[in-house]
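Work through the following exercises with the sequence and the coordinates at hand. Each one sets a task and then gives a solution that goes step by step.

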2 protein chains.
Amino acid sequence: MKEDILYHFALGTGTHDFPALFGDVKFVCVGGSPSRMKAFIAYIAEELGLGSPGGDYPNICAGTDRYAMYKVGPVLSVSHGMGIPSISIMLHELIKLLYHAKCSNITIIRIGTSGGIGLEPGSVVITRQSVDATFKPQFEQVILGKTVIRSTNLDEQLAKELMQCSKEIGQFNTVIGNTMCTLDFYEGQGRLDGAICLYNEEEKLQYLKEAYDSGVRNIEMESSVFAAMCNLSGVKAAVVCVTLLNRLEGDQISSSHDVLVEYQQRPQKLVGYFIKKSLGKV
Amino acid sequence: MKEDILYHFALGTGTHDFPALFGDVKFVCVGGSPSRMKAFIAYIAEELGLGSPGGDYPNICAGTDRYAMYKVGPVLSVSHGMGIPSISIMLHELIKLLYHAKCSNITIIRIGTSGGIGLEPGSVVITRQSVDATFKPQFEQVILGKTVIRSTNLDEQLAKELMQCSKEIGQFNTVIGNTMCTLDFYEGQGRLDGAICLYNEEEKLQYLKEAYDSGVRNIEMESSVFAAMCNLSGVKAAVVCVTLLNRLEGDQISSSHDVLVEYQQRPQKLVGYFIKKSLGKV
């Protein structure tokens, strides 16, 4: 290919010098919300002593509103929107970006939000395995109309290191558990408060309890394809999500704005500490 | 339910007066990109003679960066991100919003971008049927771990009226055809330029030609769940997407920025004309 256009990043090998822009990247953190990923880059810059005086970090993908991307030192922070298709587009273009930039020894961590099962809200879950809606550790990828099954294994050692970091911080409850990845937030996760709902509370609770019994501790919408693509690309990966509510007790996210903001900082704190420690700065 | 929190809109029945804010809505236009949906509200305001002097339209969902929402007169414009899960969250909360606001006789139109098959780039496709990756007019919804098949029928009369509008405008090629809705932009649509690709050009072209022969004229990532949910909710719906490239000739979107911007205005022009005509202003 003469030129590779990463359309959804508004970047291209013909217009941007990828090795110069991204060659020193070692850690990539991804999350759904663009403003959260901007907040993360400011946080990690401060933690690594690389803070810019004005505290402003330009969006590298300013030419599009599909994703936002920020960088400081060896850390890249990228938003991915909501759901498997949205993160999969981003990961295809991110993996190509890292390849064109000749990066090596990359660690990718998703820092996100989720619904917890049987955990106090605000608990952080480090994913052991990402499982589908039938609790199997697999991702179904449709290729040219045919379904292919892919493994959703994540790096076990990395999960343990992150757990150790959480113990050292000692500020919030953290567990290692399975994460269920669904294609839908309402019917797909057994919520009763969607626009369409064809089951009752009893059936919902039975499903969530089965999930719990199989080892699921939280539910989100991106981890399976994230694990599958990182696996196939040989990149070390982890998923660290905070739980915004306990789904055994309700469906609506009704905590106050301030409480939710503090919860969302927890994966950032944990992963920020991990990066500092990896760089020998703790 | 005492209060309904539409979490991803940052709106709630306990904090916002839905009938006062949205009771007069008759047309809802949705599209992936927040900036495109902002441009659409400015365009339709001008067209309907409801333009604000400064030309500024506040984002109703300013409390979150998950979606953006704008309103002028009877028209609501909402972004939905990329992919089935992302638009499905938005539609659940949109349908609840319209219900709480006591709206009636709503028409919802998705105005989007797509890859064309066998069409000159810039052509507009009005969807007859949304089909899956095996060309069937159905959407598989996973509910509590079990797959349920839903119909993806769209309003035939509305599609014809939109086609008539395009003839009256006479500015760009428009066809009625089937739209294939996929869960992935790269492997799911037979692209050869993703980070992962396990098939060759011949297999890709064979798949796209089979799609063409079955009546598919464009490929995007939201129409099936959009059709299914509008169907189940009894809301009249249409999908109008411009094609950014002809997939029989390539995978990369390499037209210039200005050309792509003009293409993306075509569904807006078509739907803007339809709304004006529906309101007796043509």
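Contact, as the word is used here, means heavy atoms within 4.5 Å. This is a predicted model, in which local features need pLDDT of at least 70, side-chain atom pairs count only at pLDDT 80 or more, and totals for chains, interfaces and linings use all residues. Residues are numbered from 1 along each chain as its sequence is written, chains are lettered from A and ligands numbered from 1 in the order in which they are written, and side-chain values use heavy atoms, with hydrogens and water left out.

**Exercise 1. Two annotated positions**

Step two places them. Q189(A) lies in the loop between β10 and α5 of chain A, and R191(A) is likewise in the loop between β10 and α5 of chain A; helices (H or I, at least four residues) and strands (E, at least two) are DSSP runs, numbered from the N terminus.

Step three is accessibility, where buried means under 20% relative accessible area, exposed over 50%, and partly exposed in between (1.4 Å probe, protein chains only). Q189(A) counts as buried because its relative accessibility is 3%, and R191(A) is buried too, with a relative accessible area of 2%.

Step four lists neighbours, leaving out residues up to four places away in sequence. R191(A) touches F185(A), Y186(A), C197(A), Y199(A), L245(A), R247(A) and D251(A), while the neighbours of Q189(A) include T182(A), D184(A), E220(A) and R247(A).

Step five looks for polar contacts, meaning pairs of N or O atoms within 3.5 Å; within protein, one must be able to donate a hydrogen and the other to accept it, and residues adjacent in sequence count only if both atoms are side-chain atoms. The side chain of R191(A) reaches the backbone oxygen of F185(A) at 3.0 Å, and the side chain of Q189(A) makes a polar contact with that of T182(A) at 3.1 Å.

**Exercise 2. A residue that touches the other chain**

Task: determine which residues E187(A) touches, and whether E187(A) is buried or exposed.

Solution. Start with the location: E187(A) is found in the loop between β10 (174-181) and α5 (201-213) of chain A. With a relative accessible area of 1%, E187(A) is buried.

Next, list the contacts, again without residues up to four places away in sequence: I196(A) and Y199(A), together with H92(B), Q141(B), V142(B), I143(B), L144(B) and R150(B). Between side chains, E187(A) makes a polar contact with R150(B) at 2.7 Å.

Finally, compare sequence with space: E187(A) and C197(A) are 10 residues apart in sequence, and their C-alpha atoms are 6.5 Å apart.

**Exercise 3. Salt bridges**

Task: find how many salt bridges the structure holds over all chains, and examine two of them.

Solution. A salt bridge is a side-chain nitrogen of Lys or Arg within 4 Å of a carboxyl oxygen of Asp or Glu, and the count over all chains is 24.

K71(B) is partly exposed at 22% relative accessible area, and D24(B) is partly exposed at 41%.

For the second, D251(B) and R247(B) meet at 2.8 Å, N to O. Here D251(B) is buried at 10% relative accessible area, and R247(B) is buried at 0%.
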